[in-house]
Amino acid sequence: MKPSTATGVMVVKMGNPALEFEDFDKLVEQYRTRILRFLFASVHDMDLAETLTQDCFWNAYRSRKSFRGDCSVNTWLMRIAINLVRNHTASRRFQFWRKAEKVDSAEIHDWPTREISPEQRTSVNEQIEAVWKATKALSERQRTVFLLRFVEDLDISEIVHATGMSESAVNVHLFRAVRHIRKCLGKKA
Amino acid sequence: MNDHLSHDQFAECASGRPGREQLEHLGQCPECSAELEQFGQTLSLFRNAVRDRVDDRVASEITTRAAGFPMWRWAVIAAAVVVMVIPYFMRENERPQQVAMPQISEPSPEEVMARVNRHLSRTFPAPMEPMMSLIPANEQTPNSGGVQ
């Protein structure tokens with residue numbers, strides 16, 4: 001059975017958040033897939049996402065003592081991941097990856113769609129690819145909010161904590177992202 | 001007025017913040033309702049695709065790690081064995097082979113004298129008996145008259 005991280009978010013023990021980091025390997029094992037997923041959908045490159053995931057947990061380990069426990073560990077890790085994406089969006093390192101991304105188009109054409117007929121598979125692949133391309137065209141903030149809401153299933157308050165934006169800003173970015181994606185999908189949706 | 005939801009109204013509904021008017025319209029318009037449902041399904045497909053892609057990647061890493069470590073370990077063990085065994089065989093080949101030589105034991109002087117005494121004490125030699133040499137062959141001179 002494949003590992004699933006859809007459930008089982010570690011609940012913060014208020015009053016002693018340091019307990020969360022007693023077994024850091026376990027924490028990495030629990031949240032790695034989730035962080036990698038968000039980063040992959042954000043930067044559209046699996047290798048870069050792997051690198052950023054390692055950076056994310058390294059930063060978390062270094063700053064674990066500053067974790068105050070005012071949000072869940074998942075939200076805190078997401079905040080670190082979002083900051084990494086922002087930094088890389090602006091850095092020269094990301095410029096290199098963006099150039100390489102044009103060559104590596106297999107990331108979007110190799111979706112593992114299971115248990116469906118070839119005809120359905122074609123249709124599903126078209127829809128997925130359309131959303132994938134549409135998210136690429138979003139601004140960094142719009143994409144982050146969209147992915148946190150529709151891929152990571154975070155609610156608005158969690159997105160507010162993770163992004164550091166106000167609730168109204170989150171709603172505006174989400175609205176614009178959805179509107180853009182719906183326009184890009186057109187009749188495909 | 002348009003019969004269906006505008007882009008903005010649709011986006012408000014899809015992002016989870018529908019107004020009262022949009023909700024009423026969705027309740028009365030099966031086309032917009034179906035389109036909203038279809039849009040939600042597309043986003044769901046996208047979410048599942050991203051999750052599957054990453055889950056597959058993580059699963060393949062775990063498989064590679066689980067299968068790769070023993071192979072690596074066995075390779076190191078095999079290399080160590082080869083490194084230890086090869087010099088032994090090379091040393092064996094370089095060592096000069098010892099030929100088994102027959103051991104020649106020198107008779108003691110007492111034994112030689114006893115044999116001489118036994119020989120001289122006989123009255124006459126046995127027929128065709130070779131003459132016993134008391135002097136080693138390499139010390140014999142060709143013109144000697146012999147011992148006996």
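Predicted model: local features only at pLDDT ≥ 70, side-chain atom pairs only at ≥ 80, totals over all residues.

Student: How do you know what kind of secondary structure chain A has?

Tutor: The secondary structure of chain A amounts to nine helices and zero strands, and from the N terminus on its elements read α-α-α-α-α-α-α-α-α. Chain B, for its part, has four helices and zero strands, in the pattern α-α-α-α along the sequence.

Student: Why is Ser72(A) called buried?

Tutor: The term requires a relative accessible area under 20%, and Ser72(A) has 17% relative accessibility, so Ser72(A) counts as buried. Ser72(A) lies in the loop between α2 (46-62) and α3 of chain A, and its C-alpha atom is 9.4 Å from that of His161(A), although 89 residues separate the two along the chain.

Student: What makes His44(A) buried or exposed?

Tutor: The relative accessible area of His44(A) is 5%, and because buried means under 20%, His44(A) is buried. His44(A) is found in the loop between α1 and α2 of chain A, and, C-alpha to C-alpha, His44(A) and Thr135(A) are 9.4 Å apart in space while being 91 residues apart in sequence.

Student: Why is helix α7 of chain A described as largely enclosed by the rest of the structure?

Tutor: Helix α7 spans residues 140-150 of chain A, and nine of its eleven residues are buried, so the helix is largely enclosed by the rest of the structure. The buried residues include Glu140(A), Gln142(A) and Arg143(A), as well as Phe146(A), Leu147(A) and Phe150(A).

Student: Which residues does Phe146(A) touch, leaving aside those up to four places away in sequence?

Tutor: With contact taken as heavy atoms within 4.5 Å, Phe146(A) touches Val131(A), Thr135(A), Leu138(A), Val151(A), Leu174(A), Ala177(A) and Ile181(A) of chain A, together with Leu43(B) and Phe46(B) of chain B.

Student: What makes a group of residues a nonpolar core, and which residues have the most contacts inside the largest one?

Tutor: The members must be buried residues of the nonpolar kinds listed for a core, joined through side-chain atoms within 4.5 Å. The largest such core has 62 residues, and those with the most contacts inside it are Phe38(A), Leu77(A), Phe146(A) and Phe46(B). Helix α1(A) gives the most to this core, with ten residues. A second, separate core has five residues, among them Leu5(B), Leu26(B), Cys29(B) and Cys32(B).

Student: How do you know how α1(A) and α3(A) pack?

Tutor: Two packed helices are described by the angle between their axes and the distance between the axes. Helix α1 (residues 24-43) and helix α3 (residues 73-90) of chain A pack at about 35 degrees, with axes 10 Å apart, and α1(A) passes α3(A) in a right-handed crossing. Among the residues making the contact are Leu27(A), Tyr31(A) and Phe38(A) of α1(A), and Leu77(A), Met78(A) and Ile82(A) of α3(A); the residues of this contact divide into twelve nonpolar, two polar and one charged.

Key: Residues numbered from 1 in each chain as written. Chains lettered and ligands numbered in written order. Heavy atoms only, no water. Axes fitted to C-alpha atoms, helices over the stretch in contact; angles between N-to-C directions. Helix = DSSP H or I, 4+ residues; strand = E, 2+ residues; numbered from the N terminus. Left-handed = near helix turned anticlockwise from the far one by under 90°. Nonpolar A, V, L, I, M, F, W, Y, C, P; charged D, E, K, R; others polar. Buried < 20%, exposed > 50% of the residue type's maximum accessible area, 1.4 Å probe, protein only.
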